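Thanks for coming. I will keep this short, so please bring the structure up on your screens.

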Amino acid sequence: MTAKRFLAGIASATRREIGRITTNREYCAVIWWLPLGIILFFALFFSQEVVGALPIAIVDEDNSSLSRKAVSMIRATPQTAIVQEYADMESARTALLRGRIVGIIEFQKGFAKSFLAGRSAEIVFYDSGANISTNSLSAKGVHTAITSLGVGIALQRAEMEGSAPDRAMAEVMPIGVSTYGLFNPWLNYAYYVAPCFIVMVLIIATMLSTIYSVGSELRYGTSTAWLRSGEGSLIGAVAGKLIPSTLSLWLLSVVAGILIFSIFGAPMQGSLGMLVAGTIALIMAYQAVALFVVALTASFRLSLSLGGGYSVLAFTFSGVTFPTIAMLSWIQPLTMLFPYTYFMRLYIDQAVRGSAWWHSMQDIAAMLLFCLLPLLAFGRLKRVSTNRKFWRRL
Amino acid sequence: MWSIIKEEWRAVWHDEGVALIAIFALFIYGISYSLGYGGEVLSEVPIAVVNGSQGAISRRMVQMFDAAPQLRVTNKVSDTTEAESLLRERKIWGIVALSPTLESDILAERQGRVAILGDASYFLAYREVIEGAVATIQQMNGEIIAERKGAYTPPIIYEQRNLFNPSLGYGVFVMPAIILLIVQQIALIGIGMVSATRREQGLRYKSSSALAITVSRTVVYLAIYAVTLGFMLTVHYSLFDYPMRGVWWRCLMVVLPYLLAVILLAQMVGALFRRRESPIVWLLWLSIPFLLVSGVSLPREAFPQWLYIIGKVIPSSSAVNAWIRIQTMGASLADIVPELTLLWCLVCIYGAGAIVANRKS
């Protein structure tokens, strides 16, 4: 076969595919409108720049000047808002169970008294614990307020006992601490969480649209027409077929990038080139898995089920929210089975951490390894595409 | 009605495509996610200590950091650059840097300085490192003061009690919501697939009453999900040690209207599809948005209020909130009245929708 004929095959397969996309509403939706719609949803979802104050309640059984001072300091923290003061724990607990508040701060009777007697006064923050993300936010605010109250009191005491102000701090806190958030000093959760979700949209779009383009040929018995358009070359037919969806997936990733970096204002600290290369590798990897699944199952519907499940599960098994090191030891290797895992590492390394570009070579290589999968199944793809036995399967 | 029930039952069980999604996917996804979050808590996070000063105090501190439940000191390095490259290689998740003059400062009763650098690109690890290191330093401060003055009484002690998830397990936090969301997702896709397949094949129910069709189909799916979801919420729940503080009949009061609303919504939505595979193609995207608008993963204070309110049209939004409060927190029915009311409203609305949708089948 001449190179000219091969290229002509690619071109005619591409022309044919463009025709299929433009005449099939559903295909159009998978490739374009659905992912755009979901990306728009995320744009709206993460449009609120700061997290609103979380509602908490106070139970002040002591009602002393000390407890009131503590309350006013907690009130000043931005993470929480005291929405109600309850007379007893029971009614506060009810509010917690009704979802009106996320936590309760209790000052027991005798709080100020034990303090005045030189003992420790205890403040308890009851958090439901049922929501870890609200928990860490509310706990942070309350903890900070109470720690600074405690330090303030201890400083006052030390100064009253005659310590010079500059010595008093060293007496109260022999070791002083400063905490820093490396790579994301804003501690902005949207910078970090939103890309994880938006990349998920990209991989679902890649998976479904690739399965759609090949699977529907088998399902509706049009695969010989497809292979014929490739001028006798399966590789040409596959390549030509995937060109339109690949271009539109690239365009989709540009939209996603604009949303993440320009609209959300997420940082881009490292190599944009590596991020682009990684995105292309990610799309290729999922296209490869999709081709593999279609060839293997020779069923449009089953490959949608399997491919869909595989792309959705990637989120949990990538370690982006629940870190890999916390997973069960025998589960940890499974994280390597999802291209998404490598891409998110690359994203964090390049965009968030600003690591050197070569840090991400390994991740790109890992994603490209997935592209070998269809090679294993090319023979089968040819067989199922030409054998009527595999068509019109439900 | 009995013939419709039999027909629908066969449509689910004799169609491997539908059975895989509508029935078995619940176990596949449920078990996968539970295993993914099976580690539950992050502990013993590897950190590096940058220690410029050599002496008893800094040695003692390194020991204490290592002993903290949250932390494990895997590397002792002499400068921050070295620590940072370990961090970039994901060998460690935080750095504790002791100031070079720490030892002499403390001996001279000046304030010694320690910097804690957490890797904020992974939030859970970041929180663990900061919490563990700050608590360790507070403990160390107590020891130093006690040594100097003979005794140490902090003026204020702060304690946090996480009532319903004491160790802040991740699976305990997300799995109750995820299990309910999976049911909704597989019911929408699976039931939609049955409707679409029938339409594609030109099959019609042998009844002229849309109400009878709707009731029969609902009975079939209710029976299936009563068993499969029942399994997940009892056996699976016990295997993974998810909190079960709810009284069984209260749990039922949440699950029943939820399943009804989901099954009826699925029949309604199913009318939109003309081809068997269409429900997967159109609905697969929605699992993450549905989880997010319920406000149980990211707090509802973190996204626009109007999205949260619109999200209430999805049965899972009310159901996961009610379920977590009943089963994880042990609330009473009086505590979930708004959610239950809304769920029953959705049952009515989607019930009417399902009848209209089934009229043409």
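I will go through the contact between the chains, then a sheet, then the helices on that sheet, and end with domains.

Please keep in mind that this is a predicted model.

Start with the contact. Chain A puts in 91 residues and chain B puts in 85 residues. On chain A, helix 6, residues 132-160, gives the largest share of the side that touches chain B, with 14 residues. That side of chain A consists of 57 nonpolar, 27 polar and 7 charged residues.

Strands also pair across the two chains. Strand 5 of chain A, residues 175-182, runs parallel to strand 4 of chain B, residues 112-119, with 8 bridges between them. One of the pairs there is Leu182(A) with Asp119(B).

What is the order of its 5 strands? It reads 2(A)-1(A)-3(A)-4(A)-5(B), an open sheet with mixed pairing. On average, neighbouring strands are turned by 25° against each other, direction ignored. Within this sheet, strands 3 and 4 of chain A are antiparallel and share 5 bridges; Phe107(A) on strand 3 has Ile123(A) as its bridge partner in strand 4.

Two helices next. Helix 3 of chain A, residues 65-75, lies across strands 1, 2, 3 and 4 of chain A, at about 145° to strand 2.

Last, chain B is assigned domain 1, 2-38 + 169-360, and domain 2, 45-149. Their centres, over C-alpha atoms, are 48 Å apart.

Conventions:
Residues are numbered from 1 along each chain as its sequence is written. Chains are lettered from A and ligands numbered from 1 in the order in which they are written. This is a predicted model: local features need pLDDT of at least 70, side-chain atom pairs count only at pLDDT 80 or more; totals for chains, interfaces and linings use all residues. Two residues are in contact if their C-beta atoms, placed from the backbone, lie within 7 Å. Helices (H or I, at least four residues) and strands (E, at least two) are DSSP runs, numbered from the N terminus. Ala, Val, Leu, Ile, Met, Phe, Trp, Tyr, Cys and Pro count as nonpolar, Asp, Glu, Lys and Arg as charged, and the others, Gly among them, as polar. Two strands pair if DSSP finds at least two bridges between them. Domain bounds come from an automatic or database domain assignment. Axes are lines fitted to C-alpha atoms, for helices over the stretch in contact, and angles run from 0 to 180 degrees between N-to-C directions.
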